[in-house]
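Subject: Model handover

Hello,

Here is the structure I said I would pass on. My notes on it follow below.

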Amino acid sequence: MSETQVETKQFQAETRKVLDIVINSLYTERDIFVRELVSNAADALEKFRHQSLIEKVEFDAHVPLEITIDCDDKKHTLTIADTGIGMTKDELETNLGTIAHSGSSHFFEQLAEAAKKDVNLIGQFGVGFYSVFMAAKTVKVQTRSWNGGDGWEWASDGGGTYTVSPCAGLHRGTKIIIELKDDAQTYGSKFTIERIIQQYSTFVPFPVKVEGKTVNTVQAIWTRSKNEISEEEYNEFYKFIGTAADEPLYRLHFSADAPLAINALVYVPKENFEVLGMGRMQPGVNLYCQKVLIDQHSENILPEWLRFLKGVVDSEDLPLNISRQSLQDNALVGKLRRVLTKRVIKFLGEEAGRDSAKYLEFWKTFGIFIKEGVTSDFEHRTDLAKLLRFESSASEPGAMISLDEYVGRMREGQDKIYYINGPSRVAVEYGPYVEMFKKRGVEIFYTLEPIDDFVLNHLGEYDGKKLVSADRADLSLPESTETTPETETKESGAPLDAGQIKTLCQWMKEALGERVQEVKVSSRLVDSPAMIVNVDGYMTSSMERVLKASGQAETFGMGSKKDMEINAASPLIKQLASLHENDAAFAQDVVEQLYDNAMIQAGLMVDPMAMVRRNYRILERVTGGSGPAV
Ligand code: ADP
Ligand code: MG
């Protein structure tokens, strides 16, 4: 081969960063790189096996599917070869020169963090190959694609560049030749390699041969019967399939013959990697047919909101030669997906019943996905609703209850399920919206996440009962029963008569102008003088807040339809009735302040500057006695 055929290329900037992190911050658990390379080899074999079912393979068709590892203790090299799908020149440069989900700077921070915390996590980032440089002085990747095109050699020392050059005499597949660093010579010993394979790669579904001897037992654990599988095997398989370091939170292994033949083994991890800032997860369940991998990280076999699951689904009913592209519209796959989704939802419900504390742990980590399901998966919405958990006025702080629990203790005469959103339990409990609920002993959910109102709004009703936000205008709570006697509101001074109230409301409406649609007397305020309610049945203040924050408020054309309800028994309101006759300018300030306060309690935005100026005028008046306000 002539020198001119060697092309020297720069790694993509992101790749250089990853290399830097991998080489400089990973000192412990170097063993991981062997697992990553073996897993890439297994992936390549799976891809080839599937490809050969779709298309007739002419080139090297007879070459057996396996991984061979050779060690040289004297030359200090390690070679890992597979007879998988191989790579063309383009693939080689894309796969080993760039990073697929080319990350944000956040990605690198997270990677560096994860690397420090637990090297095992590196596989989750889709940059496993580069871990080879933890142990390698130089790496050569010799590869030839299954289509029989030319062979190529990629070589690098993990610095800024790599070379690509033609490589003759290769069979199908990929061979990775590692020249070991001086302090990594242990990987030249077959004992080390055997130990690592047994530790991490026992479930690789192809023979792994170290120095000619097969060191793993090829098995599809999910097709075996439950009582033959030990807890340890289950956990090991989870670590293998989920590239996880710890044990799973839940495990579901089930088989069915009707309506479809299914073997499924899925796990719920302990951690939600999306909140760890790694962006959207790819689905974690692989689709097999008769133990042949059809679709890795399948987007088709489960709905998107179940992307946090890890595991395997195998169905003999699928045609073996089905292509990945046609999975999406395949009716059988659709059916499979429905059966699986229902089964997973049922399973989670059962787990909640079995151990509610553990379920709460699940809920805190993965509840966001269940909520996503409620808003996006119409078919399973009702079943999913059973899995929802929220705090409520009747729950202990921090504890959460289900819609079923709520419905089970609804008061006589109550036909709706109530909720109110707020930034915290304390904020909600001090707010005006729950006053009458407390007084009448009606339970109310506290939805403390911004997304919650969208979720409950999508759900609409549960068990035949409407879900209603307590900041709605047309709310009528069940009357008090004798067991919860209505205490008299503390009165000070004579109550306003109907005429006075009417005049006051009219005047307040005029004073507030476009800001409110109407000012009305409230039937449900106890202590607070006023509150803002939403006239549009489907919009809550919390939803408005979220839409405003995301700049979408205009699209939804809201922000105008609000009423202010006032508490006619409140001393402030009573005094306001006479104030507006004696001192109109000051009364105007007070009404506006009342409105702003109510908006703040609704969690909605007010103009802070205008409010502060007005507030000073009021303070001045209060501290200065009874002189007219400026
Ligand atoms: P990931 O495996 O998560 O995609 P890696 O960094 O381990 O990330 O590998 C990057 C890519 O390089 C793989 O997706 C694959 O396309 C390619 N690759 C790596 N090793 C092999 C191999 N032995 N045979 C074929 N392709 C490979
Ligand atoms: Mg990999």
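Asp 60 counts as buried, at 10% relative accessibility (buried is under 20% relative accessible area, exposed over 50%, and partly exposed in between, with a 1.4 Å probe and protein chains only). It sits in the loop between α2 (32-54) and β2 (67-72); helices (H or I, at least four residues) and strands (E, at least two) are DSSP runs, numbered from the N terminus. The phi of Asp 60 is positive, near 55°, and this residue is not a glycine.

This is a predicted model, in which local features need pLDDT of at least 70, side-chain atom pairs count only at pLDDT 80 or more, and totals for chains, interfaces and linings use all residues. Residues are numbered from 1 along each chain as its sequence is written, chains are lettered from A and ligands numbered from 1 in the order in which they are written, and side-chain values use heavy atoms, with hydrogens and water left out.

Backbone geometry

Most residues other than glycine have a negative phi, and most peptide bonds are trans. His 297 lies in the loop between β13 (292-295) and β14 (310-314) and is partly exposed, with a relative accessible area of 30%.

The peptide bond between Ala 258 and Pro 259 is cis, with omega about -5°. Ala 258 is in the loop between β10 (250-256) and β11 (262-268), and Pro 259 is placed in the loop between β10 and β11 too. Ala 258 is exposed, at 63% relative accessible area. Its C-alpha atom is 10.0 Å from that of Val 339, which is 81 residues away along the chain.

Asn 235 belongs to helix α6 (residues 231-241) and counts as buried at 13% relative accessibility. Leaving aside residues up to four places away in sequence, Asn 235 touches Glu 247 and Pro 248, where a contact means heavy atoms within 4.5 Å.

In helix α16 (residues 541-549), the buried residues include Ser 541, Ser 542, Met 543, Glu 544 and Leu 547. Just after α16, Gly 551 has a positive phi of about 70°.

Whole chain

The protein chain has 20 helices and 22 strands. Its radius of gyration is 33 Å, well over the 25 Å that the globule rule gives for 630 residues, so the chain is more spread out than a compact globule. That radius is taken over C-alpha atoms, and the rule is 2.2 Å times the number of residues to the power 0.38. The C-alpha trace spans about 100 × 55 × 40 Å along its principal axes.

Of the 630 residues, 52% are buried. Among contacts between residues at least 6 apart in sequence, 72% join residues at least 24 apart.

Confidence

What is the average pLDDT of the protein chain? The average is 89, and 91% of the residues score at least 70; pLDDT is the predictor's confidence in each residue, from 0 to 100. Over residues 482-487 the pLDDT is below 50, and this stretch has 6 contacts in the model beyond near neighbours in sequence. Where pLDDT is low, the predicted coordinates should not be read in detail.

Regards
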